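This report goes through strand arrangement, charged pairs and aromatic contacts in turn. Please keep the sequence and the structure in view while reading.

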Amino acid sequence: MLLPETRFPLRLDAAGLTSFATSVLVAAGASPANASIVAEHLVDSDAAGLPSHGVTRLTQYVAEIRRGEINPAATPRVTQVGGAIVAIDGGMGFGQVAGQVAVDQVAAAAEPNGIAFVTVHRAGHAGRIGAYVEALAARGLVAIAYCSGPRSGHFVAPFGGREGRLATNPIAYAFPTGGFPIVADFATSAAPEGVIRLLRDLGRDAPQGALRDSVGQLTSDPAALYAHPPGAIQPIGGELQGHKGTALAILVELLGTLCVGEEPGDPGRTGNNLAIIALVVDSGFPSRAERFADYVRSATPIEPQRPVMMPGDREFASRRAAATTGVPVDAVVFRALNKCASELAVPALDVREGVP
């Protein structure tokens with residue numbers, strides 16, 4: 001189905017969108033099991049209101065498969081188990097598939113030890129790492145995750161620098177409560193690369209202060225990041241507090257790269273790395289955490305129409321809305337998905353409802 005050249009969020013049926021994404025990945029060479037894991041991850045990200053890590057990534061993954069950068073049929077392999085420490089080789093397969101294996105492995109190792117640390121290397125783009133800690137919190141564990149990328153993905157300049165030396169190096173954590181878990185997931189850069197990429201594709205400006213061009217000047221043009229020579233994303237904290245964002249990004253490299261035995265600056269390094277820590281907590285923890293969350297939310301808001309929220313509140317509300325109204329997908333992304341599907345001889349994605 002063709003759409004007019006306009007931009008507005010479409011509302012798509014979650015099951016239909018997941019089936020479509022699965023079909024695209026299978027047509028590109030993925031095993032049905034791997035394709036299903038990735039598709040569900042992407043659609044859930046869109047449902048949670050995080051489109052930079054949603055189905056817009058399908059075209060990226062198909063292109064990476066075609067270039068031989070991802071093995072879509074790869075099965076992650078556990079290479080080391082030493083009590084509370086587990087290592088996994090992603091086999092240059094989908095990061096979401098390796099991430100699911102990591103969740104299962106770290107949960108199993110934490111149960112007898114009280115704490116566990118799992119690392120994944122040689123995996124594709126890991127997607128939304130908050131999904132992994134959220135899954136662990138649903139099992140009653142406290143979890144922290146870190147994700148680092150190869151030199152080819154070093155889009156972020158260190159504080160005071162002009163050139164990229166770090167990936168966006170996200171950190172996520174989650175913990176159980178009496179209700180849905182608290183989930184935080186944030187890049188250590190002023191903006192995730194996926195957001196800059198999406199803004200470029202949608203023809204919109206980058207957030208103020210998030211980007212510098214190749215000569216070090218602030219710019220709102222997202223295309224500057226992908227120019228030759230490239231610009232760079234700024235660390236979280238910007239011009240005044242960017243040293244804090246850089247310090248957090250270095251922490252991610254410590255746990256996600258150096259502890260895996262790899263070097264961040266190695267030009268031959270491939271794939272993304274993921275590190276997850278899981279902690280076993282006592283039976284009273286969820287109730288304490290729920291009271292803590294309620295205490296934070298009880299703060300009087302500066303703007304009455306915008307109540308104070310805990311990390312993850314907005315995403316869970318977005319999921320509830322999507323369950324009723326459909327998953328939001330930008331029309332530009334919709335057209336790109338159907339172009340990709342056409343190239344793979346996959347039936348086009350249809351619209352459930354368009355909302356101008």
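Which side chain meets that of Asp201 in a salt bridge? The partner is Arg200, with an N to O distance of 3.1 Å. The model discussed here is predicted.

## The Asp201 and Arg200 pair

Asp201 counts as partly exposed, at 38% relative accessibility. Arg200 also counts as partly exposed, at 33%. Besides the salt bridge with Asp201, Arg200 lies over the face of Tyr226, 4.5 Å from the ring centre.

## Sheet

Seven strands form an open sheet with mixed pairing, in the order S2-S3-S4-S11-S5-S6-S7. Its edge strands, S2 (77–82) and S7 (182–186), each pair on one side only. On average, neighbouring strands of this sheet are turned by 10° against each other, direction ignored.

Gln80 stands opposite Ala87 in S3.

The whole structure contains 21 salt bridges. One of them joins the side chains of Arg139 and Asp104, at 2.6 Å from N to O. Arg139 is in the loop between helix H5 (130–138) and S5, while Asp104 is in helix H4 (residues 95–113), and the two are 35 residues apart. Both ends count as partly exposed: Arg139 has 46% relative accessibility, and Asp104 has 36%.

A further salt bridge is formed by Glu134 and Arg319, whose closest N and O atoms are 3.2 Å apart. This pair links helix H5, which holds Glu134, to helix H9 (residues 313–325), which holds Arg319, across 185 residues. Glu134 is buried, because its relative accessible area is 15% and the limit for buried is under 20%. Arg319 counts as buried too, at 17%. Arg319 also lies over the face of Phe316, at 5.1 Å from the ring centre.

## Aromatic pairs

A search of the whole structure gives four aromatic pairs. In one of them, the ring centres of Tyr61 and Phe94 are 6.2 Å apart and the planes are at 55°, so the pair is tilted. Tyr61 belongs to helix H3 and Phe94 to the loop between S3 and H4, 33 residues apart. Tyr61 is buried, with a relative accessible area of 1%, and Phe94 counts as buried at 3%.

Phe175 and Phe285 make an edge-to-face pair, with 6.1 Å from centre to centre and 90° between the planes. Phe175 lies in strand S6 and Phe285 in helix H8 (residues 285–297), so the pair ties together parts that are 110 residues apart in sequence. Phe175 counts as buried at 12% relative accessibility, as does Phe285 at 18%.

## Gln60 in helix H3

Helix H3 (residues 57–66) also contains Gln60. At 12% relative accessibility, Gln60 counts as buried. Which residues is Gln60 in contact with, leaving aside its neighbours within four places in sequence? They are His125 and Arg197.

Definitions and conventions: Residues are numbered from 1 along each chain as its sequence is written. This is a predicted model: local features need pLDDT of at least 70, side-chain atom pairs count only at pLDDT 80 or more; totals for chains, interfaces and linings use all residues. Side-chain values use heavy atoms; hydrogens and water are left out. Two strands pair if DSSP finds at least two bridges between them. Helices (H or I, at least four residues) and strands (E, at least two) are DSSP runs, numbered from the N terminus. Axes are lines fitted to C-alpha atoms, for helices over the stretch in contact, and angles run from 0 to 180 degrees between N-to-C directions. A salt bridge is a side-chain nitrogen of Lys or Arg within 4 Å of a carboxyl oxygen of Asp or Glu. Buried means under 20% relative accessible area, exposed over 50%, partly exposed in between (1.4 Å probe, protein chains only). Contact means heavy atoms within 4.5 Å. Rings of Phe, Tyr and Trp (its six-membered ring) pair if their centres lie within 6.5 Å; planes under 30 degrees apart count as stacked, over 60 as edge-to-face and the rest as tilted. A charge sits over a ring if NZ of Lys or CZ of Arg is within 6 Å of the ring centre and within 35 degrees of the ring normal.
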